[in-house]
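Dear colleague,

I am passing on the structure below, together with some notes on what turned up when I went through it. Please read them with the model open beside you.

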Amino acid sequence: MTKVLAQDKGGRGNDLIHTLFYLALRYGEAVALTVQDVDLDGGTVRVNKRLYKGKLDTIKNGKTANLPIHPELRPVLERLVQEAGDKGQLFPMKGRGASPRKAGNLGKTEASRSVNTVIERALGKGSPTGTHIFRRSMGNLLVEKGVPLNQVAYLLRDTEATVMKHYSKVNEMDAHRNIQSFSLR
């Protein structure tokens, strides 16, 4: 993850990757973000909508949240807010394919292409790609670091049961060591 986050600093794909990872967002949630959703003074980002099938829609699971801004994400958000100006969208559609008839948000194909290019530059061809791997990585890392499941579930806007099922992978060596060192005394 470190190699991917360090690739193309300030590039569109890297900005999207930072946003997806540090806020544990789904693609549609990230590209729906606007300047009004970012509270730099309060240190939060409101996640309450998503781009779904080309249109702005309510968020999956209906779990709106004010997520904390990680220090590594802050400069990215500051720049995106400044660049967005009056348009308000942090990830607008640009260049070929931009149409005033569409919502104007970065589309899934363009987002995936942008993100996958950064991943392949950092890790080489054949590496796992896609916008959802950053949400999974953040969920896995938080569980691995011992963050309480209810807090991980809050960040992911999911249930504790889903976090247990999808984000807590058993590390076999740790399990063996913990089981062998277990004592009732």
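Two strands are said to pair if DSSP finds at least two bridges between them, and helices (H or I, at least four residues) and strands (E, at least two) are DSSP runs, numbered from the N terminus. This is a predicted model, in which local features need pLDDT of at least 70 and side-chain atom pairs count only at pLDDT 80 or more, whereas totals for chains, interfaces and linings use all residues. Residues are numbered from 1 along each chain as its sequence is written, and side-chain values use heavy atoms, with hydrogens and water left out.

Strands β3 (residues 49–52) and β4 (residues 55–58) form an antiparallel pair over four bridges, and within it arginine 50 has aspartate 57 of β4 as its bridge partner. Two residues lie between the strands of this hairpin, where lysine 53 adopts a positive phi near 55°.

Isoleucine 59 sits in the loop between β4 and β5 and, at 5% relative accessibility, counts as buried (under 20% relative accessible area, with exposed over 50% and partly exposed in between, for a 1.4 Å probe and protein chains only). Setting aside residues up to four places away in sequence, isoleucine 59 touches Glu29, Val47, Asn48, Lys49, Arg50, Thr64 and Arg157, contact meaning heavy atoms within 4.5 Å.

Best wishes
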